[in-house]
Amino acid sequence: MVHGKKLAKETLLPSVLEDDDAETESKKLQLGERRASRTEVDMRGPKDQCSSPDGNVLDRGEREGEEGEEEEEEEEENEEEELEGEKCVISDEDYDTDLELGGKEEAYDPTGKTCYMEACEMLQVVPASYFLHHMQDSELSLMHRGLGPQGTKALAVPLVTNTSILRLNLRDNWMEGMGGAAIAEMLKENCYITEVDLSDNNLGDYGARSIAGMLKENSTLMSLNLSGNHFTDQSAEHLGPALITNTKLKHLDISHNALGERTGQTLGHALSENTGLRSVSLAWNCIRGRGAVMLADGLGGNISLRMVDLSYNGFGKEGAIALGQALKENNVLEELNVSNNRIPPEGAIRLAMGLKVNKTIKSLNMGRNPIQNAGCYGILKSIQENPGSAMEALDFADITVNQDFEDLYTTVKEIFPALTINHGGRIGTFRKAKA
């Protein structure tokens, strides 16, 4: 175990802390470790000082003996004399054995506190006290802590070998691309963390590239939130191929970014090939035009997605038509949100064509689209004409309907008693109430 700890410091820490000059950072870290070791020795009592992991600490008797020597001997000769005279354990292996036999403290810090403090010292950042107190929890939440790029790098060091944390929430820490790259490097090595929230961290396209590289190697991460990170179409070009390769990720949120038309093309192809995702959110982006059509085409060929959120984009009429065709082909999707997409009545009616044959959709949100009563009526009518429909909830928020729709709903309710509909009210209702 001690050898493993030493190996982690020598191989993993430089990669996590890597910056413009990796070699310089590595040398700084080594100097920081030696300095931290000397400081730690000074603070320990005489009984503990002969048990330092790095093998260079002597007990009080040996130090007194050395004070009497006139000349300083070489390191190897000192170790031989110490072994013969005092039988003090100094090597990694002997040290571990001595602790096991004596029942003293561990030869290394399994919590990672030591290496975290060393990393903070090297990067000149203040250690996060909350992290130090909750390193052994299964869920670690460090939201709104202002870690920044350097603080995130320091945090990533102990997480490389941490085996306790399963869910990691680092939302809103302004870690930027460099911090995101450090977390990505950590997740390449950590095989215990299954859920990560990196939303609102200004990762940018650089961070997206690092995250994409991680997704190609990581095989344990199941949920990833990348919302609000200023991703553009260039980010999608990195994430698309990663989603084709990765089959373990189940939930992905890349909402509230600046993903545009090219993103629809890239992710459309990726989603058609992906076999692992169960839910994906692309809400609050700029997907429209040809990109919206190609994204819808990709959803039609997907065989794993259960929930898709496309709200607050610009699918419009053409995108709605493509979604209608996708619903004819897809036989696994259960929830679809296309609210606030500038879909006109004709687009809604064409989308409803897919609902006539679809047997898996349980929830459809078309709220805040200008589909008017005609669009709402067309969608409800298509459900009535599909005896195999699984629809349970229709959302037409802020869209007013007329009495014809209400009458149809009453009829459909007899066929599908579990169906619930939310709408913006019936035309004329408020006028009558006022009178």
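## Asn337 and its surroundings

Leaving aside residues up to four places away in sequence, Asn337 touches Val308, Asp309, Leu310, Ser311 and Asn365, where a contact means heavy atoms within 4.5 Å. This is a predicted model, in which local features need pLDDT of at least 70 and side-chain atom pairs count only at pLDDT 80 or more, while totals for chains, interfaces and linings use all residues. Residues are numbered from 1 along each chain as its sequence is written, and side-chain values use heavy atoms, with hydrogens and water left out.

Asn337 belongs to strand β8, which covers residues 335-337; helices (H or I, at least four residues) and strands (E, at least two) are DSSP runs numbered from the N terminus. Asn337 counts as buried because its relative accessibility is 18%, given that buried means under 20% relative accessible area, exposed over 50% and partly exposed in between, with a 1.4 Å probe and protein chains only. The side chain of Asn337 also makes a polar contact, at 2.8 Å, with the side chain of Ser339. Such a contact is a pair of N or O atoms within 3.5 Å; within protein, one must be able to donate a hydrogen and the other to accept it, and residues adjacent in sequence count only if both atoms are side-chain atoms.

## The nonpolar core

Leu310, one of the residues that Asn337 touches, is also among those with the most contacts inside the largest nonpolar core, together with Phe131, Leu364, Met366, Leu394 and Phe396. This core has 97 residues, and its largest share, 6 residues, comes from helix α6 (residues 113-123). A nonpolar core is a set of buried Ala, Val, Leu, Ile, Met, Phe, Trp, Tyr and Cys residues joined through side-chain atoms within 4.5 Å. Among the residues that Leu310 touches, not counting those up to four places away in sequence, are Leu282, Leu295, Leu299, Phe315, Leu323 and Leu336.

## The sheet and its helices

An open sheet is formed by 11 strands in the order β1-β2-β3-β4-β5-β6-β7-β8-β9-β10-β11, with parallel pairing; two strands pair if DSSP finds at least two bridges between them. The edge strands, each pairing on one side only, are β1 (139-141) and β11 (420-423). Within the sheet, strand β4 (residues 223-225) runs parallel to strand β5 (residues 251-253) and is joined to it by 3 bridges, and the bridge partner of Ser223 in β5 is His251.

Helix α16 (residues 372-384) packs on the sheet, touching β9 (363-365), β10 (393-396) and β11, and its direction makes about 170° with that of β10. Helix α17 (residues 403-415) lies across β10 and β11 and runs at about 165° to β11. For these angles, axes are lines fitted to C-alpha atoms, for helices over the stretch in contact, and the values run from 0 to 180 degrees between N-to-C directions.

## Two loop residues with positive phi

His144 has a positive phi of about 55° although it is not a glycine, and its place is in the loop between β1 and α8 (148-159). With 52% relative accessibility, His144 counts as exposed. Asp200, likewise not a glycine, has a positive phi of about 55° and lies in the loop between β3 (195-197) and α10 (204-215); Asp200 is partly exposed, with a relative accessible area of 28%.

## The chain as a whole

The protein chain has 18 helices and 11 strands, and 49% of its 435 residues count as buried. Among contacts between residues at least 6 apart in sequence, 82% join residues at least 24 apart.
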